[in-house]
Amino acid sequence: MALRLPRDAASVPLIRQMLDGTLRSLGVEPQVRDDIELMLTEACSNVIKHAGPSDDYTVSASVHDHLCVIKVVDNGDGFDPRDVVEPEPGSEHGRGLQIMRALADDIRFTNRREHGAVVCLEKRLRYAPGAAGQHLMAT
């Protein structure tokens with residue numbers, strides 16, 4: 001699935017609910033869905049806060065080979081994740097990249113100077129016993 005969304009905080013719960021509903025229908029375990037929801041929230045929130053001057057962004061998600069791949073693409077000025085300053089201990093802001101790195105099985109950043117950035121998050125899926133997704137992904 002792929003959606004082009006307005007760069008507005010109201011878009012975050014929408015895409016989160018859509019992806020969670022899809023993963024739930026496949027029978028993905030709740031803890032894995034929670035991790036994916038938090039990674040997605042952080043990636044989208046970073047676009048909304050930092051990806052000026054863009055008015056929109058795109059989120060795509062796919063499931064294959066027991067892996068969920070999420071790409072969040074903005075059309076802003078781009079960024080270099082190596083330039084992001086680590087937050088001070090106890091800070092309530094600035095932990096988005098740390099959270100994504102902690103929860104994702106793999107994370108990649110592609111900086112497209114003057115054409116935005118791509119954050120690619122991968123998470124290995126675990127299914128409840130007898131779940132539809134377990135059988136669909138095995139074929």
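A residue is called buried when its relative accessible area is under 20%, exposed when that area is over 50%, and partly exposed in between, as found with a 1.4 Å probe and protein chains only. This report applies that term to a predicted model, in which local features need pLDDT of at least 70, side-chain atom pairs count only at pLDDT 80 or more, and totals for chains, interfaces and linings use all residues. Residues are numbered from 1 along each chain as its sequence is written, and side-chain values use heavy atoms, with hydrogens and water left out.

**Leu40 in helix α2**

Leu40 lies in helix α2; helices (H or I, at least four residues) and strands (E, at least two) are DSSP runs numbered from the N terminus. Leu40 counts as buried because its relative accessibility is 2%. Its contacts (heavy atoms within 4.5 Å) are Ile15, Arg16, Leu19, Val59, Ile70 and Val72, leaving aside residues up to four places away in sequence. Leu40 and Val59 are 19 residues apart along the chain, and their C-alpha atoms are separated by 9.0 Å.

**The largest nonpolar core**

A nonpolar core is a set of buried Ala, Val, Leu, Ile, Met, Phe, Trp, Tyr and Cys residues joined through side-chain atoms within 4.5 Å. The largest one here has 33 residues, of which Ile36, Tyr57, Val59, Ile70, Val72 and Leu121 touch the most other members. At least two residues of this core come from each of α1 (11-26), α2 (30-50), β2 (56-64), β3 (67-74), α3 (96-103) and β5 (117-124). Helix α2 gives the most, with eight residues. In soluble globular proteins, nonpolar side chains tend to be buried together.

Seven of the eight residues of β5 are buried. Leu121 touches, among others, Met39, Cys68, Met100 and Ile107.

**Helix α3**

Which residues of α3 are buried? They are Gly96, Leu97, Met100 and Leu103. These residues lie on the same side of α3, because they cover an arc of only 140° around the axis, the arc being that of the directions from the helix axis to the C-beta atoms. The buried residues of α3 pack against α2, β4 and β5.
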